[in-house]
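The following exercises are to be worked with the sequence and the coordinates at hand. Each task is followed by a solution in steps.

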Amino acid sequence: MNYKPYKNLNSSKKEQIITMFDRIANTYDRLNGLITFGMDKKWRKRVAKMIASNHPSNILDVGTGTGALAIDLAKQPSVKIVGIDISEEMLALGRKKIRHLGLDDTITMQLDDAEALSFDSNVFDAIGIGFGVRNFENLHQGLSELLRVLKPGGQLVILETAVPKYFPLKQGYYLYSRLMIPMLGKIISNDKLAYEYLSDSAGIFPHGEKFSALLKESGFTHVKDNPQTLGIVSIYSAIKPLDN
């Protein structure tokens with residue numbers, strides 16, 4: 001999915017995503033809360049609970065941003081978490097939050113590319129992603145990398161945007177996402193284009209059955225799609241086969 005934030009630039013999607021998140025890092029958490037009416041916190045807690053149910057000892061948080069999901073994951077005992085992102089500005093804010101919470105021994109934040117991970121194969125018991133996969137430049141490559149670094153039998157849990165199926169929710173969703181979200185982005189972050197991208201990319205991302213099919217094509221099994229809050233987001237879960 002090669003939809004880019006800044007259409008007037010010739011740089012790659014990945015380069016533009018880095019630029020975008022570096023620009024909006026300082027206001028990202030606050031805007032997320034406003035845009036979702038605080039529901040983003042509930043969704044991330046559900047992801048953390050799903051991952052914790054299998055008692056993993058080491059977890060990879062992909063597209064960690066400022067570490068919101070990693071911090072929720074750290075509430076389970078005896079766990080080590082690595083949070084990765086391609087935006088150094090987001091990571092810098094995340095490191096401050098983690099230091100303030102006294103979680104330096106539990107969470108490590110590092111610059112890394114989900115489509116070319118620096119880790120060995122079969123390393124992590126679980127992988128969590130909160131609103132990150134639609135920013136991949138090459139979705140198939142990214143999913144293949146996630147499969148590679150996950151241990152056989154390990155769990156992948158992804159929280160990502162979706163679109164409600166039925167009238168009038170679907171129409172209301174598009175109206176809100178295409179008008180209100182960019183306007184809030186312009187007012188608070190001073191980057192309307194970033195929030196136009198975040199809104200538009202949510203609408204065209206292959207959600208539901210289509211994304212579940214991509215997970216299966218990438219080699220994952222036991223794929224489940226759990227729509228949340230009238231279908232405006234979904235939590236996908238999948239397992240790496242034992243014989244992989």
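Two residues are in contact when heavy atoms of theirs lie within 4.5 Å. The model is a predicted one, in which local features need pLDDT of at least 70, side-chain atom pairs count only at pLDDT 80 or more, and totals for chains, interfaces and linings use all residues. Residues are numbered from 1 along each chain as its sequence is written, and side-chain values use heavy atoms, with hydrogens and water left out.

**Exercise 1. Surroundings of Ile17**

Task: Determine which residues Ile17 touches, not counting residues up to four places away in sequence.

Solution. Step 1: locate the residue. Ile17 is found in helix 1, where helices (H or I, at least four residues) and strands (E, at least two) are DSSP runs numbered from the N terminus. Step 2: list the contacts. With residues up to four places away in sequence set aside, Ile17 touches Pro5, Ile86, Asn135 and Tyr197. Step 3: check one pair by C-alpha distance. Ile17 and Pro5 are twelve residues apart along the chain, and their C-alpha atoms are separated by 7.1 Å. Step 4: classify the accessibility. Ile17 counts as buried because its relative accessibility is 2%; buried means under 20% relative accessible area, exposed over 50%, and partly exposed in between (1.4 Å probe, protein chains only).

**Exercise 2. Helix 1 against helix 6**

Task: Describe how helix 1 and helix 6 cross.

Solution. Two packed helices are described by the angle between their axes and the distance between the axes. Step 2: apply them. The axes of helix 1 (residues 13–35) and helix 6 come within 10 Å and cross at roughly 140 degrees; axes are lines fitted to C-alpha atoms, for helices over the stretch in contact, and angles run from 0 to 180 degrees between N-to-C directions. Step 3: classify the angle. Helix 1 is therefore oblique to helix 6, given that angles under 35 degrees count as roughly parallel, over 145 as roughly antiparallel, 65 to 115 as roughly perpendicular and the rest as oblique. Step 4: name the residues. Helix 1 contributes Ile24, Thr27, Arg30, Leu31, Leu34 and Ile35, and helix 6 contributes Tyr176, Ile181, Leu184, Gly185, Ile188 and Ser189. Step 5: sort them by class. The contact of helix 1 with helix 6 has eight nonpolar, three polar and one charged residues; Ala, Val, Leu, Ile, Met, Phe, Trp, Tyr, Cys and Pro count as nonpolar, Asp, Glu, Lys and Arg as charged, and the others, Gly among them, as polar.

**Exercise 3. Helix 6 against helix 7**

Task: Give the angle at which helix 6 and helix 7 pack and the classes of the residues in their contact.

Solution. Step 1: the packing angle of helix 6 and helix 7 is about 155 degrees, with the axes 7 Å apart. Step 2: helix 6 is therefore roughly antiparallel to helix 7. Step 3: the contact involves residues of helix 6, among them Tyr173, Arg178 and Pro182, and residues of helix 7, including Lys192, Tyr195 and Asp200. Step 4: by class, the contact of helix 6 with helix 7 has six nonpolar, five polar and five charged residues.

**Exercise 4. Positive phi angles**

Task: State where His55 lies and where Leu230 lies.

Solution. Step 1: recall the expectation. Most residues other than glycine have a negative phi. Step 2: His55, although not a glycine, has a positive phi of about 55 degrees. His55 lies in the loop between helix 2 (39–52) and strand 1 (58–62), and is exposed, with a relative accessible area of 68%. Step 3: Leu230, also not a glycine, has a positive phi of about 65 degrees. Leu230 lies in the loop between strand 6 (221–228) and strand 7 (233–239), and counts as exposed at 64% relative accessibility.
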